[in-house]
Amino acid sequence: MTADVEPSRLEPQVLPLFADRTPRVVDLDQVPAGDAAEVPKPDTSGLPAPTQRVIVGDARKIDLPDASVDLVVTSPPYWKKRDYGHANQIGLEDTPQGFVSAIMDCLEEWRRLLRPTGSVFLNVGDTYHKRSLMGIPGRIEAAAMDAGWLIRNRIIWAKEKGMPEPAKNRLANRHEYIIHLSPRPNYYYDLFGYSIEYGNGANPGDVWTMGLDRNMGAHLAPYPRELARRAIVLACPPAVCTTCGVPSERIVARTAQLDPRRPQAKRAMQLAVEKGLTEAHIAAIQATGVSDAGKALSFQTGTGRNSKSVQTLAKEAKDALGGYFREFTFAKKVTTGWTDCGHEGRTRGVVLDPFMGTGTTLQVALQTGRDAIGVDLNPLAPEVG
Ligand SMILES: C[S@@+](CC[C@H](N)C(=O)[O-])C[C@H]1O[C@@H](n2cnc3c(N)ncnc32)[C@H](O)[C@@H]1O
């Protein structure tokens, strides 16, 4: 090996964690799927228990201060589906345009309430009217885009089961949408934590297959707790600075650990040991990526070396490992901490449901250590959906 670094030899099957340089053996057969132990939370032990607040009122005018909410998770009444028996209710407008306009008034108000890193998960279904789908979710997306919102995802809620439908010449509806939208591009988003919980480490995609909760008796919740939980895990910070409003964000580091259950990964580790590759070689592979280990002009932090030596190391590693070098670009990542803006004082992330109904969102927010605020013209209305 010709690289200008002093190599530290890899022990067979014991690959060091770059973050602390402590070699450790990881028996991945003992690690449960999802490896929850690798997802530490920021320390919220000094904070008061999560709080809940219910406001009786209209989702378009909410008595809360500007920039006081981290995430909106909600399901408005769908167009022409149900009468909630209140003069100010949304959902019974004469036209789809009227309905979308009411939803846009809501979004305007929620934009005011969101912190700069805030976003909205809006669960909405479509409606058949005069034998045609009205394309309500698409109309909302288009209007929101025109009003300056970023549409980040249109998630499909795929229902495992559904009510029988009388129509004989079309398929029964078995999905709804959850539109994720934000006023700004730098919204809080914990894809790593979410992927560990819902994707076994990989990005699990934009189809959420969920049944309805079973324990709601005659009054089925229009959305399952899992829907609220997914949104909160993804986009509500566990802790936020009370001085500057900046959330703590997860710090993720890549390790050299491969999953020995995969035969290719096992062979890559054997080759690395046989050929005398070092931590620096593995870091160089990871810094240069899968496309062409010799061509990196810049590299990610963590190697502590200049790009020329990284290229040399990556080339050596590629020559030694052949096609197996790619395995090290799939190495396990771990949480090493959470960012801290340096100010004193933190608060829990705040979840708002402006159409709270029975309070599904609030319940999940409290369970996941967030403060919860609900708004409804008829809070805890028994008939929801
Ligand atoms: C689809 S339900 C929400 C159900 C809720 N996700 C749950 O888990 O129970 C819609 C709710 O919006 C409320 N609502 C209708 N118009 C409203 C308005 N203008 N402002 C606030 N709430 C409203 C209704 O009372 C109803 O509880």
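Which elements cover the buried residues of helix 1? Before I answer, two remarks on conventions are in order. The model is predicted, and local features need pLDDT of at least 70, side-chain atom pairs count only at pLDDT 80 or more, and totals for chains, interfaces and linings use all residues. Residues are numbered from 1 along each chain as its sequence is written, and side-chain values use heavy atoms, with hydrogens and water left out.

Now to the answer. The cover of the buried residues of helix 1 includes strand 2 (69-74), strand 3, helix 2 (136-146), strand 7 (175-182) and strand 13 (350-353). Helices here are DSSP runs of H or I with at least four residues, strands are runs of E with at least two, and both are numbered from the N terminus. Contact means heavy atoms within 4.5 Å. A residue is called buried under 20% relative accessible area, exposed over 50%, and partly exposed in between, with a 1.4 Å probe and protein chains only. By that criterion, the buried residues of helix 1 are P96, F99, V100, A102, I103, M104, C106, L107, E109, W110 and L113.

The length of this helix can also be checked. Helix 1 runs over residues 96-113, and at 1.5 Å a residue its 18 residues should span 26 Å, which agrees with the 26 Å between its end C-alpha atoms. The expected span is 1.5 Å times one less than the number of residues.

Let me place this in the whole chain. There are eight helices and 14 strands. Of the 385 residues, 47% count as buried. Among contacts between residues at least 6 apart in sequence, 74% join residues at least 24 apart. The accessible surface comes to about 19,000 Å², and carbon and sulfur atoms account for 51% of it. Accessible areas come from the Shrake-Rupley method with a 1.4 Å probe, and for residues only the protein chains shown count as cover.

I turn to the ligand. Which residues come nearest to it? Of the 25 residues around the ligand, they are A59, I90, T358, T360 and D376; a residue is near when one of its heavy atoms lies within 4 Å. The shell divides into twelve nonpolar, ten polar and three charged residues. In that division, Ala, Val, Leu, Ile, Met, Phe, Trp, Tyr, Cys and Pro are nonpolar, Asp, Glu, Lys and Arg are charged, and the others, Gly among them, are polar.

A backbone N or O atom of A59 is 2.9 Å from a nitrogen atom of the ligand. For D58, a side-chain N or O atom lies 3.3 Å from a ligand nitrogen, and for L377 a polar backbone atom lies 3.4 Å from one. The protein covers 100% of the 610 Å² of accessible area that the ligand has on its own.

Next, some individual residues. T117, in strand 3 (residues 114-124), is buried because its relative accessible area is 13%. Leaving aside residues up to four places away in sequence, T117 touches D70, N186, Y187, Y188 and P247.

T361 belongs to helix 8 (residues 360-367) and is buried at 0% relative accessible area. T361 and I232 are 129 residues apart in sequence, yet 9.1 Å apart in space, C-alpha to C-alpha. Beyond four places in sequence, the contacts of T361 are V73, Y223, A228, I232, V351 and D353.

Is the arginine R230 buried or exposed? R230 is buried, with a relative accessible area of 9%. This residue of helix 4 (residues 225-235) touches Y194, Y198, W208 and M210, not counting residues up to four places away in sequence.

Finally, two backbone details. K80, in the loop between strand 2 and helix 1, has a positive phi of about 55 degrees although it is not a glycine. R131, also not a glycine, has a positive phi of about 70 degrees and sits in the loop between strand 4 (128-129) and strand 5 (132-133). K80 is partly exposed at 37% relative accessible area, whereas R131 is exposed at 81%.

Notes
Polar contact = N/O pair within 3.5 Å; in protein donor to acceptor, adjacent residues only side chain to side chain.
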